[in-house]
Amino acid sequence: WADETAQRNDALDRLSHYDRVWVNDADEYYTRDAIEQILGYPAPIGVGVGMRTYWKTPEWRYEPADNWHPVVLLHPQRSTFREYRDALARESFDYPDITMHHFSYVLTDAEAMRKMRSFSHASIVRPEWFEAWRMWQPGSAINICPWTSPPYVRAVHDPAPAEIQERYANWQRIVDMHETLGDLGGRRRATVAATAEQGGSR
């Protein structure tokens, strides 16, 4: 694909025989009530939702909150992605009372650096943002918005719902387990290779 927009539109083409598609990135969470509410709308309607973006942990979020209402449920034949994650759907309605909990910046230092250098918006990240990320402490008034023409955004203490935090913690345990198994597998392969090399040199 040429870019993220093309990738998402290709996915819609491949799913065109379905009457609706849920667009859900790995860092987007919903309460069970929100999921039931979204799925309760009829198939042709595109559903846009409100969004809370979290900062470093599920305890802190962006303030002011995002005013963008991404379309998360859509009809693949009546919709198209126009830029990145932004979908244009015919017969689309916003329901800002339904909340997407966006863990876009709930990251380790290494993950944040990697994301800002490689994701779709990397070209508009202000260079000094990395310093803001490192310097931020709970209660700090530092502007945490990453964009080159940023509004003023700060982090306020407003924890995600308990069920969202529990789901995120479960996911992190799975990730940690896979990373541990990957490390063990890598060390085992290195040991096998070293043993084979020693055996061949005798």
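Trainee: With which residues is I144 in contact, leaving aside its neighbours within four places in sequence?

Mentor: Contact means heavy atoms within 4.5 Å. By that criterion, and leaving aside neighbours within four places in sequence, I144 touches W55, Y62, R126, W129, W136, V153, R154 and A155. Please note that this is a predicted model, in which local features need pLDDT of at least 70 and side-chain atom pairs count only at pLDDT 80 or more, while totals for chains, interfaces and linings use all residues. Residues are numbered from 1 along each chain as its sequence is written, and side-chain values use heavy atoms, with hydrogens and water left out.

Trainee: How is a nonpolar core to be read, and which residues have the most contacts inside the largest nonpolar core?

Mentor: In soluble globular proteins, nonpolar side chains tend to be buried together. A nonpolar core is a set of buried Ala, Val, Leu, Ile, Met, Phe, Trp, Tyr and Cys residues joined through side-chain atoms within 4.5 Å. Buried means under 20% relative accessible area, exposed over 50%, and partly exposed in between (1.4 Å probe, protein chains only). The largest core here has 17 residues, and those with the most contacts inside it are W55, Y105, M116, W129, W133 and I144. Two or more residues of this core come from each of β4 (60-63), α3 and α4. Another core, of 13 residues, lies apart from it and has A34, I45, V72 and I98 among its members. The element names follow DSSP runs, numbered from the N terminus: helices (H or I, at least four residues) and strands (E, at least two).

Trainee: Where is R85 placed, and is R85 buried or exposed?

Mentor: R85 is in the loop between β6 and β7 (86-89). R85 counts as buried because its relative accessibility is 8%. Leaving aside neighbours within four places in sequence, R85 has contacts that include E4, R8, W68, P70 and M100.

Trainee: What does the side chain of R85 reach by polar contact?

Mentor: A polar contact is a pair of N or O atoms within 3.5 Å; within protein, one must be able to donate a hydrogen and the other to accept it, and residues adjacent in sequence count only if both atoms are side-chain atoms. The side chain of R85 makes such a contact with the side chain of E28 at 3.0 Å, and it reaches the backbone oxygen of V71 at 3.4 Å.

Trainee: How many salt bridges does the structure hold?

Mentor: A salt bridge is a side-chain nitrogen of Lys or Arg within 4 Å of a carboxyl oxygen of Asp or Glu. The structure holds 14 of them. In one, the side chains of D25 and R85 meet at 3.8 Å, N to O. This pair links distant parts of the chain, 60 residues apart, with D25 in the loop between β1 (21-22) and β2 (28-29). D25 is partly exposed, at a relative accessible area of 23%. In another, D158 and R52 meet at 3.2 Å, N to O. Here the partners are 106 residues apart: D158 is in the loop between β9 (154-157) and α5 (162-201), and R52 is in strand β3 (residues 46-55). A further bridge joins E63 and R61 at 2.9 Å, N to O; E63 is partly exposed at 27% relative accessibility, whereas R61 is buried at 13%. Salt bridges that share partners join E4, R8, D25, E28 and R85 into one network.

Trainee: Which residues of helix α1 are buried, and what do they pack against?

Mentor: An α-helix has 3.6 residues a turn, so residues three or four places apart point the same way. In α1 (residues 4-14), the buried residues are E4, T5, R8, N9, D10 and L12. They pack against β5 (71-74) and β6 (79-83). At the start of α1, a side-chain oxygen of D3 comes to within 3.2 Å of the backbone nitrogen of T5.
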